[in-house]
Amino acid sequence: MCHFCRAAALAFLAIPLLALAADAMPGMGKAMRPELGSSAAFAPDGNLLVVARQGEHVMLYRSTDDGQSWLAPVAVNAEPEAISADGENRPKIAIAADGGLLVSWTHPFPKSNTGSVRLARAGDGQTFSPPLTVHQDTAIITHRFESMLTMPDNRVILAWIDKRDLELAKANKTPYRGAAIYAALSTDGGRSFQPEYKLADHSCECCRVTSAIDRDGAPIFMWRHVYAPNERDHAMTRLKPDGKAENVQRATFDRWKVDGCPHHGPSLVVDEKGIRHAVWFNQKDGEGRVFYGRLEPGAEIKVDGQRPVGGPRAAHADIAAAGGKLAIAWKEFDGERTQLRAMVSTDGGSSFAEIALAASEGASDQPRLIRRKGQLFTFWRTEREGFRIFPMP
Amino acid sequence: MIRRILPLIFLLIAGPLAAADFTPLDRLAAQKLLSPESHRQATIVALWSSDCNYCKKNLKLLSSLAHRNQKLRVITIAAEPESPELWPMLKPYALAGPRYAYGTDNPEAIAYAIDAKWGGELPRTFLFDGRGGKQTVAGVISIDSVEKATGLRF
């Protein structure tokens, strides 16, 4: 090889290597801030599990002492691939009814705003099968922002934002609001998935989707919707036993009209008494706020007890219930630092006690509420402090 | 030989990257950029991101307006750190003004400095008339709104 060729080859090789090194080392390089989007869950043995992106791998981190120390991480995908890991669209982790450990993520394609929904399973909780794409559609379009729900009968349902209907409408030169929500059902604990199907038309395009199990055991998915002409309220649907959508109901009524991307999705939980509790972000009367409310079922959903969460800068709240308690965690910039705050209710959401959990000077992921039997914890990843969990009182 | 060629190789590699450079934005620079006192001519500061389809509509309109009336200055801020996909997305609009992307400062501090009332939704556009006036538009902008806020005609 000529000197020139060798030098040129070396120089070109150096680019991805530098990029990889900078990616692995936060703070190196002005453009190489790591995407912090992570998820956490407790394994059946009580260990704390976290999934996060490192380069082109989703890594599984395990702590046997509630986050005081971490074992060497395990790569979920043996073959490297691009992985989305921002707060709204992060890798997810769940445990199937048969004990299989499931990790899902969006694999973005080089074309912007496109990707596929991927899932890997570890029957033993450690060794992952090669990831599969949960949908059959192979078009280079949006299949992103998945939500993963595991059911007691070993069903696994993933629902995501999908733009195949939008693309079809574009090709036919017909108008189409937003995107669509599609879902894929597995009846074998995530080993295989049936062909995907549409849950709803006209979802918003880049907000996280949330899911829960309703009082009667029916799966529910909730997402930010685009109601005509441009109201960005939320919608939800219950799924029948065969996985098909029952009906799509409007779940919030704040009537935020904007031709824009809020990038701020909801969170939903159904408590032990079967009451649905949600948190979401909307602009109401000209002011953007995080709201809490109970979504009462019926021919039309009624929002009961709607109230703001935190102050005007509150953002990206999560909600969970366990042991007779309901907890909401969110982050809120105070002008200097990002505060992690939470509020806990022991009376089903009628009243809450607010608490300060932590603060960080740097970038941070959205907080996630997780549960271990009757105990709730807030998990928060920050650029400076790493993974942390806070037990809820 | 190689000593003579090496700078050329680095220029070949660094040239396109340097041309595509975004200025990293921190909270202090953001505060200054969004202050009406910083703008002595009609200026638009347009917030956008790679994930925001509506932002493309705004950038397209701003590109057309800036080419129709040279008095309009358009500054762009990508509300995310610089990445290889940013420049190819912005380049087609041929906007001559400064372009920023989030730097290493806390993104929430940058967002707060840009607009304490901003909840993160995009696009968000700040219109300065160059005489101390400033207006904020959430979502898609129109020629009418730009004309009213800047006092320019297109």
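**Strands, domains and backbone**

Reply: A starting point in this predicted model is a strand pair: in β24(A), A:Ser360 is the residue that A:Thr338 stands opposite.

Me: In which sense do strand β23 and β24 of chain A pair, and over how many bridges?

Reply: Strand β23 covers residues 338-345 of chain A. Its pairing with β24(A) is antiparallel, and the number of bridges is 7.

Me: Which are the edge strands of the open sheet in chain A?

Reply: The sheet has 4 strands in the order β21-β22-β23-β24 (chain A), with antiparallel pairing. An edge strand here pairs on one side only, which applies to β21 (314-322) and β24 (353-360) of chain A. On average, neighbouring strands are turned by 20° against each other, direction ignored. The edge strands are therefore β21 and β24 of chain A.

Me: Which strand supplies the largest share of the side of domain 1 of chain A that touches domain 2 of chain A?

Reply: Chain A is divided into domain 1 (36-213) and domain 2 (266-393), and the contact takes 17 residues from domain 1 of chain A and 19 residues from domain 2 of chain A. On the domain 1 side, β1 (38-42), β2 (48-54) and β13 (210-213) of chain A each supply at least two residues. By class, that side has 9 nonpolar, 7 polar and 1 charged residues. Its largest share, 5 residues, comes from β1(A).

Me: Which residue in the turn of the hairpin formed by β13(A) and β14(A) has a positive phi?

Reply: β13(A) and strand β14 (residues 219-224) of chain A run antiparallel and are joined by 4 bridges, with A:Thr210 opposite A:Met222. Between the two strands of the hairpin are 5 residues. The turn residue with a positive phi, about 90°, is A:Gly217.

Me: Is A:His263 buried or exposed?

Reply: Most residues other than glycine have a negative phi. A:His263 has a positive phi, near 50°, and is placed in the loop between β16 (245-250) and β17 (267-270) of chain A. Within 10 Å there are 25 other C-beta atoms, and the threshold is 20 or more, so A:His263 is buried.

Me: How does A:Asp66 count, with its C-beta neighbours inside 10 Å?

Reply: A:Asp66 has a positive phi near 55° and is found in the loop between β3 (57-63) and β4 (74-75) of chain A. It has 15 C-beta neighbours inside 10 Å, between the limits of 12 and 20, so A:Asp66 counts as partly exposed.

Me: What is omega for the cis peptide bond that joins B:Leu122 and B:Pro123?

Reply: Most peptide bonds are trans. In chain A, the bond from A:Ala228 to A:Pro229 is cis, with omega near -5°. B:Pro123 lies in the loop between α5 (107-114) and β5 of chain B, and for its cis bond with B:Leu122, omega is about 0°.

Me: Where on helix α6(B) do its buried residues fall?

Reply: In helix α6 (residues 143-150) of chain B, the residues B:Val146, B:Ala149 and B:Thr150 are buried. Seen down the axis of α6(B), the buried residues fall within an arc of 85°, so they line one face of the helix.

Me: Which elements of chain B do the buried residues of α6(B) pack against?

Reply: The secondary structure of chain B comes to 6 helices and 6 strands. From these, the buried residues of α6(B) pack against β2 (43-48), α3 (53-68), β5 (124-128) and β6 (134-138) of chain B.

Conventions. Residues are numbered from 1 along each chain as its sequence is written. Chains are lettered from A and ligands numbered from 1 in the order in which they are written. This is a predicted model: local features need pLDDT of at least 70, side-chain atom pairs count only at pLDDT 80 or more; totals for chains, interfaces and linings use all residues. The arc is that of the directions from the helix axis to the C-beta atoms. Two residues are in contact if their C-beta atoms, placed from the backbone, lie within 7 Å. Domain bounds come from an automatic or database domain assignment. Ala, Val, Leu, Ile, Met, Phe, Trp, Tyr, Cys and Pro count as nonpolar, Asp, Glu, Lys and Arg as charged, and the others, Gly among them, as polar. Axes are lines fitted to C-alpha atoms, for helices over the stretch in contact, and angles run from 0 to 180 degrees between N-to-C directions.
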